[in-house]
Amino acid sequence: MSVELMVWDEPVPISRDQARATYLAVKRTPPGADAEPDVAKELPGEVTLYPGHVLVSMDLDTMDELSAQVFTVARAHGLVCYDPQRDLVHNVAPLGVYEGMQLHTGDGMVVNDPDLGLIHDVLGTMSAQNPFVALVNFGQHFLQVSPGFELEYKEGAMVRAMVPELDEVRQSFNEYATGDRAFLSRYEWSTA
């Protein structure tokens, strides 16, 4: 079984619905491009060119490793990347305040410098197949959540808090990514 990612240029951040519609429209057209985009030469996996779009196909076994490479190359070129398997769009901006921050999911996705919209959307994908989401600033601190909305925050000591609903988890992750620590005073934390 193979999986796909599609990259292309967008002047502003787009929603998952817009990215999905673009992906489906492009897939209905025949492949081919007048000139090979420079980005296509840098992408791993099997590359198929469409006018203004590049489709990257890869084996399920190599998906996690190659997807991380595709996300990195797309960001370096200022391109949107749509992941139809997870129904997630990786926009170029807006980003959090921590350069080099990584987004990790329990289903194997790793994204360097994730955009805030991606963080928001990924939190809605937690399930038995995706048992956690974490934002990690290696050597400094991290915030993670598991189903049931147990937040864990570590900056020195590890602390835990139960959060009642997904919207509050999303708010906490957005605050963390943007350097705001308001979430620390909003909940009752216990040491791990």
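This is a predicted model: local features need pLDDT of at least 70, side-chain atom pairs count only at pLDDT 80 or more; totals for chains, interfaces and linings use all residues.
Reader: OK, and what volume does the largest cavity have?
Author: About 70 Å³.
Reader: Which residues line the largest cavity?
Author: The lining is made up of Phe-71, Ala-74, Arg-75, Leu-79, Cys-81, His-90, Asn-91, Val-92, Val-111, Asp-115 and Leu-118. By type, that lining splits into seven nonpolar, two polar and two charged residues.
Reader: Which helix gives the largest share of the lining?
Author: Helix H3, residues 63-76, with three residues.
Reader: And how do the domains come into the lining?
Author: Domain 1 (1-93) and domain 2 (94-191) each supply at least three of the lining residues.
Reader: Switching to strands. In what sense do E9 and E10 pair?
Author: Antiparallel, over five bridges, with E9 covering residues 141-146 and E10 covering 150-155. Gln-144 sits opposite Glu-152 of E10.
Reader: What's in the turn of that E9 and E10 hairpin?
Author: Three residues lie between the two strands, and Gly-148 in the turn has a positive phi of about 90°.
Reader: Which strand pairs with E10 over six bridges?
Author: E11, residues 157-162, also in the antiparallel sense. There, Tyr-153 has Val-159 in E11 as its bridge partner.
Reader: How many residues sit between the strands in the hairpin of E10 and E11?
Author: One residue, and in this hairpin Gly-156 takes a positive phi near 90°.

Note on methods
Residues are numbered from 1 along each chain as its sequence is written. Side-chain values use heavy atoms; hydrogens and water are left out. On a 1 Å grid over the protein atoms alone, a cavity is a set of points where a 1.4 Å probe fits but cannot get out, and a pocket is an open set with protein on both sides within 12 Å along at least five of seven lines; lining residues have an atom within 4 Å of a point. Grid points are joined across faces, edges and corners, and a volume is the space filled by probe spheres set on the points. Helices (H or I, at least four residues) and strands (E, at least two) are DSSP runs, numbered from the N terminus. Ala, Val, Leu, Ile, Met, Phe, Trp, Tyr, Cys and Pro count as nonpolar, Asp, Glu, Lys and Arg as charged, and the others, Gly among them, as polar. Domain bounds come from an automatic or database domain assignment. Two strands pair if DSSP finds at least two bridges between them.
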